[in-house]
Amino acid sequence: MELKVKHPLSKKEVKEIIREMSETFGEEIAGKMLNKKDRVEVAEFDKTTEILLVNGKPFFIRRKGLIFPLVIALYELSNEENLREWPRRVVVDAGAVPFVLKGADVMAAGITDADENIREGDFVFVVEEDYGRPLAIGIALMDGKAMKEKPKGKAVKNIHHAKDRIWELTVG
């Protein structure tokens, strides 16, 4: 399978993505992801999911009107940034890693830290605690504070993870 670029985004649409990323992560982090001079194109992954390419490289996923960085994009940022301190993070212990990489939802028992500002329904990213490498992105099934305090239950619905079809397509 190959990504088929449909069309470039207008400058107005790029500014809107920058605004959304600024609201989610803060202006400094958003600036490391995208700036208004970048060329952004839309490629269709499936009927509900689009991949946004920044200067020819897959960087964002757009699904149901929500935009979030791809795991591969976060992985590249993790070479210079400590994602364990970023907003919208969910940090998991080593025991959770193999399950998350196989597509399992994140269970509260495996969470060692989470951004307390996360609200149920938010887009989040999952990182492992030792090296801060991103494992997955997903939808929060509980608030960040509950993720840290609850001993059990599903905390994050896994929607894209390292080694899945989107990863294989975007790493290639």
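**Contacts, sheet and salt bridges in a predicted model**

Setting aside neighbours within four places in sequence, H161 is in contact (heavy atoms within 4.5 Å) with V71, V100, L101, K102, G103, L135, A136 and W167. This is a predicted model, where local features need pLDDT of at least 70 and side-chain atom pairs count only at pLDDT 80 or more, while totals for chains, interfaces and linings use all residues. Residues are numbered from 1 along each chain as its sequence is written, and side-chain values use heavy atoms, with hydrogens and water left out.

H161 itself sits in strand β11 (residues 154–161); strands here are DSSP runs of E with at least two residues, helices are runs of H or I with at least four, and both are numbered from the N terminus. With 11% relative accessibility, H161 counts as buried (buried is under 20% relative accessible area, exposed over 50%, and partly exposed in between, using a 1.4 Å probe and protein chains only). The side chain of H161 also gets to the backbone oxygen of L101, at 3.1 Å. That pair falls under polar contacts (N or O atoms within 3.5 Å; within protein, one must be able to donate a hydrogen and the other to accept it, and residues adjacent in sequence count only if both atoms are side-chain atoms).

On to the sheet. Five strands make an open sheet in the order β1-β2-β3-β4-β5, with antiparallel pairing (two strands pair if DSSP finds at least two bridges between them). The edges belong to β1 (4–8) and β5 (66–69), each of which has a single partner strand, so one side of each goes without a neighbour in the sheet. From one strand to the next, the twist averages 35° (axes are lines fitted to C-alpha atoms, for helices over the stretch in contact, and angles run from 0 to 180 degrees between N-to-C directions). Strands β4 and β5 run antiparallel and are joined by 4 bridges, and R63 stands opposite L66 in β5. Helix α1 (residues 11–25) packs on this sheet and touches β2 (40–44), β3, β4 and β5, its direction making about 70° with that of β5.

Charged pairs come next. The structure holds 15 salt bridges (a side-chain nitrogen of Lys or Arg within 4 Å of a carboxyl oxygen of Asp or Glu). One of them links R62 and E50 at 2.8 Å, N to O. R62 lies in strand β4 (residues 57–63) and E50 in strand β3 (residues 49–54), so this pair ties together parts that are 12 residues apart in sequence. E50 is buried, at 18% relative accessible area.

Two further bridges sit within helices. E28 and K32 meet at 3.5 Å, N to O; they are 4 residues apart in helix α2 (residues 27–33), which puts about one helical turn between them. E28 is exposed at 60% relative accessibility, whereas K32 is partly exposed at 36%. K145 and E149 meet at 3.7 Å, N to O, and they too are 4 residues apart, in helix α5 (residues 144–149), separated by about one helical turn. K145 is partly exposed at 44%, while E149 is exposed at 56%. Salt bridges with shared partners also join K6, E44, E50 and R62 into one network.

E128, in strand β9 (residues 123–128), is buried yet has no salt bridge: R133, the nearest side chain of opposite charge, is 5.9 Å away (Lys and Arg count as positive, Asp and Glu as negative, with His and the chain ends not counted). Beyond its neighbours within four places in sequence, E128 is in contact with R84, V91, V92, V97, R133 and L135.
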